[in-house]
Amino acid sequence: MTALEVAGLTVAYGATEALRGIDLAVAEGETVCLLGANGAGKTTTLRALSGQVRPRAGHIRLGGADITALAPHRIVRRGLVQVPEGRQVFAGLTVAENLTLGAWTLRDPAEAARRRERVLARFPRLRERLHQPAGALSGGEQQMLAIGRALMAGPRLLLLDEPSMGLAPLMVAEIFAVIAELKAERVTLLLVEQNAAAALAVADRAYVLETGRITLSGPAWRVAKDPGVIAAYLGG
């Protein structure tokens, strides 16, 4: 079953088109990565999917339902949740409070508690720092918190925007291990990532975005062998 279907998506900032009629899809339980240089339109794509910018044309369907014109909070209620670039945790709130905010759509306290326990089991360091301000965490710990906060919403589709940005290599490896775990658990993922090699290694399929257009797509292993991708993104 298709979790996400995007067709003809066009987004403009004034007279400048950031996305030019892109098509992409993510199946239930699939991990898809979106590659592209800075300014290619990757973050704009995620912002359009999560309702932060309104498309000029095209449609976005989540589980078959059109969400193109919905407000961001309604999109979250439908199950599309984004981990933003730069983590954007609430620095003045504790780890526990950040996680609680992630479950704002839930009305069942017992289910919220179960989800929090699953997040803390996945990220033991967050348990150790549960009552510390999120602003006191390291960058890697904040990324764990941002992912954990998103998982508290029970996402049908999880958008990850540059999860390894600014992290030390050991922490990058740890974050990608978590992404691999989520993939093994059949969490549906759309990943935007500057580390193309790591993204292609974990993804099922990939899209390449250049100046607002999809120029290549296919199984991740095949995209990783494309000469243009090797030259532009894999250091070939």
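Visitor: What is the strand order in the open sheet?
Guide: The six strands run β6-β7-β8-β3-β9-β10, with mixed pairing. Strands here are DSSP runs of E with at least two residues, and helices are runs of H or I with at least four, numbered from the N terminus. Two strands pair if DSSP finds at least two bridges between them. This is a predicted model, where local features need pLDDT of at least 70, side-chain atom pairs count only at pLDDT 80 or more, and totals for chains, interfaces and linings use all residues. Residues are numbered from 1 along each chain as its sequence is written, and side-chain values use heavy atoms, leaving out hydrogens and water.

Visitor: Which strands stand at the edges?
Guide: β6 and β10 do, each with a single partner strand, so one side of each has no neighbour in the sheet. From one strand to the next, the twist averages 15°.

Visitor: How do β9 and β10 pair? What sense, how many bridges?
Guide: Antiparallel, over six bridges. E210 stands opposite R213 in β10.

Visitor: Which residue is in the loop between β9 and β10?
Guide: T211 is found there, between β9 (205-210) and β10 (213-219). Its phi is near 40°, a positive value in a residue other than glycine.

Visitor: Is T211 buried or exposed?
Guide: T211 counts as exposed, at 57% relative accessibility. Buried means under 20% relative accessible area, exposed over 50%, and partly exposed in between, using a 1.4 Å probe and protein chains only.

Visitor: And R87, what is its phi?
Guide: Phi of R87 is near 75°, which is also positive in a residue other than glycine. Most residues other than glycine have a negative phi. R87 sits in the loop between β6 (80-83) and α3 (95-102), and R87 is buried, with a relative accessible area of 15%.

Visitor: Changing topic. Where does helix α6 lie?
Guide: α6 (residues 139-151) lies across β6 and β7 (157-161), at about 170° to β6. Axes are lines fitted to C-alpha atoms, for helices over the stretch in contact, and angles run from 0 to 180 degrees between N-to-C directions.

Visitor: How many residues of α6 are buried?
Guide: 12 of the 13, so α6 is largely enclosed by the rest of the structure. Among them are G140, M144 and L151.

Visitor: What covers the buried residues of α6?
Guide: The cover includes β6, α3, α4 (109-122), α5 (124-128), β7 and α7. Contact means heavy atoms within 4.5 Å.

Visitor: Which strands does α7 lie across?
Guide: α7 (residues 169-184) lies across β3 (31-35), β7 and β8 (189-192), running at about 155° to β8.
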